[in-house]
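Please look over the sequence and the model before reading on.

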Amino acid sequence: MKIAVPTRNNKVDGHFGHCEFYTIFSVEENRVVGKEVLESPQGCGCKSDIAATLQQKGVKQMLAGNM
């Protein structure tokens, strides 16, 4: 399973739409087995196509706050 987490300075960012990056963790058998970093789109991610982009990358779960 792939899980996307909004990040800034290698920490969870509390605002989904204003993060610097989306860190995508690949998880198998309750262990992180891979990590990919995707740059956030310009402007507010809430108004971009980031959800569709993450879905195309195989993301099934996403952490989100302050939307």
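Two residues are in contact here when they have heavy atoms within 4.5 Å of each other. With that cut-off, and not counting residues up to four places away in sequence, D13 touches P6, T7, R8, H18, C19 and E20. The model is predicted.

**D13 in its loop**
- D13 sits in the loop that links β2 (11-12) to β3.
- D13 counts as buried because its relative accessibility is 12%, and the cut-off for buried is under 20%.
- A polar atom of the D13 side chain lies 2.9 Å from the backbone nitrogen of H15.

**Strands β3 and β4**
- Strand β4 (residues 31-39) runs antiparallel to β3, and eight bridges join the two.
- Across this pairing, E28 stands opposite R31 in β4.
- The hairpin of β3 and β4 has two residues between the strands, and E29 takes a positive phi near 50 degrees there.

**V27 in strand β3**
- V27 belongs to strand β3, which covers residues 21-28.
- V27 has a relative accessibility of 21%, so it counts as partly exposed.
- Leaving aside neighbours within four places in sequence, the contacts of V27 are M1, I3, V32 and V33.
- I3, one of these contacts, is 24 residues from V27 along the chain, yet their C-alpha atoms are separated by 7.6 Å.

Key. Residues are numbered from 1 along each chain as its sequence is written. This is a predicted model: local features need pLDDT of at least 70, side-chain atom pairs count only at pLDDT 80 or more; totals for chains, interfaces and linings use all residues. Side-chain values use heavy atoms; hydrogens and water are left out. Helices (H or I, at least four residues) and strands (E, at least two) are DSSP runs, numbered from the N terminus. Buried means under 20% relative accessible area, exposed over 50%, partly exposed in between (1.4 Å probe, protein chains only). Two strands pair if DSSP finds at least two bridges between them. A polar contact is a pair of N or O atoms within 3.5 Å; within protein, one must be able to donate a hydrogen and the other to accept it, and residues adjacent in sequence count only if both atoms are side-chain atoms.
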